[in-house]
Amino acid sequence: TREEITYFGAGPALLPTDVLQNAAQALLDFNNTGLGIAEHSHRSELATNVINEAKADLATYLDIPTDEYEILFMQGGGSGEFSATVYNLVGAWVTRRKQDLLRQWGTSADEKGLAVEEKLEAELRKAVEEDLKLDYIVTGGWSQKAHAEAVRLLGPERVNLVADARTINGGKFGKIPDEKDWTLSRDPALVYYCDNETVDGVEFPAFPASLAPRADGSGPIVVADMSSNILSRRIPVRNFSIIFFGAQKNLGSTGITVAVIKKSLLPPTTPQPEPALLRKLGLPIGPIVLSYETIAKNNSLYNTLSIFDVYIAGQVLKKLLRTFPDKVDGQQAVAEKKASLIYSALEAHPDVYRIVPDASARSRMNICFRVTKGSDVDASEKAFLKEGTARGLTGLKGHRSVGGIRASNYNSIPLEGAEKLAAFITEFAKA
Ligand code: PMP
């Protein structure tokens, strides 16, 4: 039964039972309307309220300054955002270059004649050819996929691999390359990294200092994938241009993706270029459903959004706000405590367990290790998983691409769940 197991799956992940109980009721009859939340129109006032409340609660919990940032509910998952960030930020880069050129020439966009138009196109084509770069820091399987998507959309010559963690760790992920070895481009359209690598168990210990904004507020356009550690620690929001995350780990159910975007990247400051201009510049034109401008203009209701998924996310946020008066800081303390319980149990038996990532980059959310006891690792890991399951500790199998064991220690794992796992790790080692 649900009460008997602690599920450590990497996503979709465990959700709080009381949230699911309320959601089950809401599916049948939402607020005594006689109709379920998944049946009500996404254009109804009720749906708008669900969206606006979830946005407000997310902003409160994470201290997102809503005068400077827009919160969008998107579809297409984290993978959709790999593409969305490219389309939208390449567009924003072109707009900035265009605005710079017009400023230099002292011509406003409205009064430009045909000659200016042609000159502008020629200059922009040159800029795209010579200067357009996107920077990726690859520290695990998910940033690797995001990097690959940028290469697919724009070609390898426009994508700069700032650092590849495999080169400093024997061909495997597990460490974060030293920032002094990063090769950042000049004025890239974005600098991308994944804050927590779900498959490899690698988490940035803090915001990378070399990407911090300068004293005058200017700085690189930083994009971070926080799919698997959002809501688990404080974020220096103003250091980012875009933070995105799929809901299905710490926020809610699969089906919605959140993008928190700096308003200065949206109209009126930065309108996206006309498709005709992108076509002339040989740049890709993104699907309308991945356009931040479009989703923002429609308060996330450009097309049919799963209001049920937004409702669940909203309930999870309300529960977090009820549980932690000091908001994300409270949850952060619990997350650290749980992770340290599990890592300590593993470290106490180095003859039996090998923690995969380097101690400097260990994830608090996805704890990856091998069971090296005995000569047959494969058999030892099978035994570990089997005995764990017998005790109600499930979902511990590592990602198929890397094998081993992975304990996903998301917010819904209670402290007692982490204690049970730590106790099992200890007993298995001694047996
Ligand atoms: N980024 C990270 C860090 C992830 O963990 C995942 C999925 N586990 C993704 C992106 C991809 O998300 P999706 O499956 O929603 O496309």
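Strands E2 and E10 run antiparallel and are joined by 6 bridges; strands here are DSSP runs (E, at least two residues), helices are DSSP runs (H or I, at least four residues), and both are numbered from the N terminus. Two strands are taken to pair if DSSP finds at least two bridges between them. Within this pairing, tyrosine 69 has lysine 262 of E10 as its bridge partner. The coordinates are those of a predicted model, in which local features need pLDDT of at least 70, side-chain atom pairs count only at pLDDT 80 or more, and totals for chains, interfaces and linings use all residues. Residues are numbered from 1 along each chain as its sequence is written. The mean pLDDT of the chain (the predictor's confidence in each residue, from 0 to 100) is 96, and 99% of the residues reach 70 or more. For the complex, the predictor gives an ipTM of 0.99 and a pTM of 0.97.

The E2–E10 pair belongs to an open sheet of 7 strands with mixed pairing, in the order E2-E10-E9-E8-E5-E3-E4. Its edges are formed by strand E2 (69–74) and strand E4 (159–164), each of which pairs on one side only. From one strand to the next the twist averages 15°, where axes are lines fitted to C-alpha atoms, for helices over the stretch in contact, and angles between N-to-C directions run from 0 to 180 degrees. Helix H5 (residues 141–154) lies across strand E3 (134–138), E4, strand E5 (190–194) and E8, and runs at about 155° to E3.

Strand E9 (residues 242–246) is joined to strand E10 (residues 257–262) by 5 bridges in the antiparallel sense.

Burial was assigned from C-beta atoms placed from the backbone: a residue is buried if 20 or more other C-beta atoms lie within 10 Å of its own, exposed if 12 or fewer do, and partly exposed in between. Because 5 of the 5 residues of E9 are buried, this strand is largely enclosed by the rest of the structure. Ile242, Phe244 and Gly246 on one side of E9 and Ile243 and Phe245 on the other are all buried, which leaves both faces covered. E10 is likewise mostly covered, with 6 of its 6 residues buried. One face of E10 carries Thr257, Ala259 and Ile261 and the other Val258, Val260 and Lys262, all of them buried.

Leaving aside neighbours within four places in sequence, valine 258 is in contact with Ile71, Leu72, Phe73, Phe244, Phe245 and Ala247; contact requires that the C-beta atoms of two residues, placed from the backbone, lie within 7 Å.

The bounds of the two domains come from an automatic or database domain assignment. Taken over C-alpha atoms, the centres of domain 1 and domain 2 are separated by 32 Å. Contacts between the domains involve 23 residues of domain 1 and 24 residues of domain 2. On the side of domain 1 that touches domain 2, the elements giving two or more residues are helix H2 (45–62) and strand E7 (202–203). H2 gives the most to this side, with 3 residues.

A further open sheet comprises 3 strands in the order E11-E12-E14, with antiparallel pairing. Strand E11 (353–355) and strand E14 (405–408) are the edge strands, each pairing on one side only. Neighbouring strands of this sheet are turned by 30° against each other on average, direction ignored. Strand E12 (residues 366–371) pairs with E14 in the antiparallel sense over 4 bridges, and asparagine 366 stands opposite serine 408 in E14. Helix H9 (residues 328–347) packs on this sheet and touches E11, E12 and E14, its direction making about 15° with that of E12.
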